[in-house]
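Here's a quick briefing on pockets, salt bridges and a surface patch. Have a look at the model first, then read on.

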Amino acid sequence: MIRTQRLAAGVCALLAALAAGIAFPAAATADETTANAPKVDLVLDVSGSMRARDIDGQSRMAAAKQAFNEVLDATPEEVRLGIRTLGANYPGDDRKTGCKDTAQLYPVGPLDRTEAKTAVATLTPTGWTPIGPALLKAADDLEGGEGSQRIVLITDGEDTCAPLDPCEVAREIAAKGIGLTIDTLGLVPSTKLSKQLSCIAEATGGTYTSVEHTDELTDRVNQLVDRAADPVVTPVATQGADACAKAPTLKSGLYTDREEFGQERWYRVDVQAGQELRASVSVAADRAVNPDYGTLLRAVTVHGREIVRGEAAGNGRTDVISTGLRYPKPERDDDDSDKPAAETVCLQVTNSFSAASGVKTTPGMPLELTVDVVDGPSNASDVASFGLGRGWWLLGALVLTGFVAGLLWGWLSRWRFAVWRTN
């Protein structure tokens, strides 16, 4: 009897262990999937001005609700979507209270379409337009996880809660290096609104769109939500130093940093013999700057000798300026066996941007650095021939063509001269 009970207990314990072994990996997989899921927070302006009836014969609020319902129906299953409002709850005149009026209407997470639509249906245009505070809270809504993060701001007016400038808020969010993108949509064709929303979007690498019809609003929000589900390479936040000796050592990848006006940033990359370093940098002017600027990317040895450089200049017609360089490290000869196989290359990034009058210089401008260390060229066809690269064959063909054409022209000239003398 005792043996039977022990056997039964052992079987139960084994089954429990197997069940736990099956359950825990499944839970781990679910957690991993959730952590990597793309997240979108739709931030909707519900201020009093949304009562205006100038979008396809209906109010701006009604157009936004219609667009939201269609977007919720079309949201991909893998996207974790939330909805935040601004100006939805406080109808009074106290500015201090009105500028705190932002709330999470639907939490960022797996989407229950019916629940989300019900929440949107209850909205009524009410109060102020605290865009800056809403963006700060939206960034907190999305915090955590490794998937793409996107805020989509929909508003019909500028922020009414300065001095908390929404452009400065967007720059602070970008400076955190969390890879969060803010896209903005304006419901009114206003130059002032367009300028502010463009500034917010550009600070984080997002887009600004002006929409005047319900179908345009629906289509654009759908595009942005779908874009969040696309595979993306999330840049790794790093912090360059003011000298090569203190610089962080980077592997192949995409990195983001911040660079003050006229500042230099240093990074280190280890390159093995027979490998090639390819690096590029982009610096974005996310605020008003003076025209005539440039950026310089240099690869130098740890002793300060320049190896190669790349540089680019602009005159105010573009907000982003980029340059790059390549450095192939030769294979070691037998005579070089006593030399180290790896070389530390220092990358120096400098810029000549200058801030316009009254513009804040902090935080620094966004900088994106791409580092790629690959196997160096080994075949003759991959190596530059007399500085011509793979174009040597074209030069040879042109030389041969010219030689043959010269022979033919000379023969024809002699023949014509002989015919002329005969006649």
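How many salt bridges does a search of the whole structure find? The search turns up 17 salt bridges, each being a side-chain nitrogen of Lys or Arg within 4 Å of a carboxyl oxygen of Asp or Glu. Keep in mind that this is a predicted model, where local features need pLDDT of at least 70, side-chain atom pairs count only at pLDDT 80 or more, and totals for chains, interfaces and linings use all residues. Residues are numbered from 1 along each chain as its sequence is written, and side-chain values use heavy atoms, with hydrogens and water left out.

**Salt bridges**

- Asp183 pairs with Arg150, with the closest N and O atoms 2.4 Å apart. That pair ties together distant parts of the chain, with Asp183 in strand β5 and Arg150 in strand β4, 33 residues apart; helices (H or I, at least four residues) and strands (E, at least two) are DSSP runs, numbered from the N terminus.
- Asp183 and Arg150 are both buried (buried means under 20% relative accessible area, exposed over 50%, partly exposed in between, with a 1.4 Å probe and protein chains only).
- Arg278 bridges to Glu276, with the closest N and O atoms 2.7 Å apart. Arg278 counts as partly exposed because its relative accessibility is 36%, while Glu276 counts as buried because its value is 3%.
- Arg298 and Glu306 form another salt bridge, with 2.8 Å between the closest N and O atoms. Arg298 has a relative accessible area of 16%, so it is buried; Glu306 is at 31% relative accessibility, so it counts as partly exposed.
- There's also a salt-bridge network, made up of Glu168, Arg171, Arg258, Asp286 and Arg287.

**The largest pocket**

- The largest pocket has a volume of about 870 Å³. On a 1 Å grid over the protein atoms alone, a pocket is an open set of points where a 1.4 Å probe fits, with protein on both sides within 12 Å along at least five of seven lines; lining residues have an atom within 4 Å of a point. Grid points are joined across faces, edges and corners, and the volume is the space filled by probe spheres set on the points.
- Of its 42 lining residues, Thr204, Gly205, Pro235, Thr256 and Glu368 are the closest to the centre of the largest pocket.
- Elements giving two or more residues to this lining include β4 (149-155), β5 (180-186) and β15 (365-375). The largest share, 4 residues, comes from β8.
- By class, the lining of the largest pocket has 18 nonpolar, 14 polar and 10 charged residues. Here Ala, Val, Leu, Ile, Met, Phe, Trp, Tyr, Cys and Pro count as nonpolar, Asp, Glu, Lys and Arg as charged, and the others, Gly among them, as polar.

**The second largest pocket**

- About 530 Å³ of space lies in the second largest pocket. Of the 25 residues lining the second largest pocket, Arg171, Lys195, Cys199, Arg287 and Ala288 are the closest to its centre.
- The elements that give two or more residues to the lining of this second pocket are α6 and α7, and the largest share, 6 residues, comes from α7.
- The lining of the second largest pocket divides into 8 nonpolar, 6 polar and 11 charged residues.

**Surface patch**

- Leu400, Phe403, Val404, Leu407 and Leu408 make a nonpolar surface patch of about 510 Å². Patches are made of residues with over 30% relative accessible area and no salt bridge, with like charges joined within 9 Å and nonpolar side chains (Val, Leu, Ile, Met, Phe, Trp, Tyr) within 5 Å; accessible areas come from the Shrake-Rupley method with a 1.4 Å probe, and for residues only the protein chains shown count as cover.
- Leu400 sits in helix α9 (residues 392-422). Leu400 counts as exposed because its relative accessibility is 54%.
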